[in-house]
Amino acid sequence: MTAALYVEDVLLVDRCLTGEPAATRELFRRHRNRVHACLFRVLGGNRDMDDLLQDAFLQVFQSLRGWRAEASLATWIDRVAVRCAYRYLSQRGRRVATDSLEDEAAVALASSHEGPGARRQLARDGVRRLYAALDELSPAARLAFTLHEIDGRSLAETAELVGSSVTATKLRVWRARKRIETAAAADPVLSEFLEPTASGDVIPFEEQSGNNDREAP
């Protein structure tokens, strides 16, 4: 983060704290995409996403005096978004309200090499199956796995965002990965979708979902 951006963040926060509406709108505009992307990658295509986004920014503005400028404003906002996602996962006695799996997924797999349309269908089915498997994880394991494997954050950054040690975060990611691999072994669509990550690379979520709205401030 450059000194100019740091000063700009400090000035913007000060304007927000004085109750300036234009500053509030500006902060939301700058960080909306990154908060939405963070929530989307953790929770998938969620029916409550608009409410979650609103809740995240409500928490941001209510807690803005707590930003002590020790970390970048973007990182601090990411932490707020992660806490909102964790609360959502912890409070539910239910599965996350994602789209249901479609029966023709097996057909999509069989025709996955016939053209880009079939590949896109495989990607959509793969994403749905991945999030169905993620729904079986604990909230802490799901956060660690999605932030590291899907959002592409380092273990150190992931640990900082979830408020845990690197060692504990690494263990959660490893255990979650094993659960996903077990699910993939019984699901050819999920297995095909995850195949590009066999080398240990981040899950190709951008390419598969078509979502690329993680935006720098």
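Salt bridges and packing

Q: How many salt bridges does a search of the whole structure find?
A: A salt bridge is a side-chain nitrogen of Lys or Arg within 4 Å of a carboxyl oxygen of Asp or Glu. Searching the whole structure on that basis gives 17.

The model is predicted: local features need pLDDT of at least 70, side-chain atom pairs count only at pLDDT 80 or more, and totals for chains, interfaces and linings use all residues. Numbering runs from 1 along each chain as its sequence is written, and side-chain values use heavy atoms, with hydrogens and water left out.

Q: Which residue's side chain meets Asp78 in a salt bridge?
A: The N to O distance is 2.7 Å. The pair links distant parts of the chain, 44 residues apart, with Asp78 in helix α4 (residues 73-91) and the partner in helix α2; helices are DSSP runs (H or I, at least four residues), numbered from the N terminus. The partner is Arg34.

Q: Which residues in α7 meet Cys38, Arg41, Val42 and Leu43 in α2?
A: Contact means heavy atoms within 4.5 Å. On the α7 side they are Arg142, Leu143, Thr146, Leu147 and Ile150.

Methods:
Helix = DSSP H or I, 4+ residues; strand = E, 2+ residues; numbered from the N terminus.
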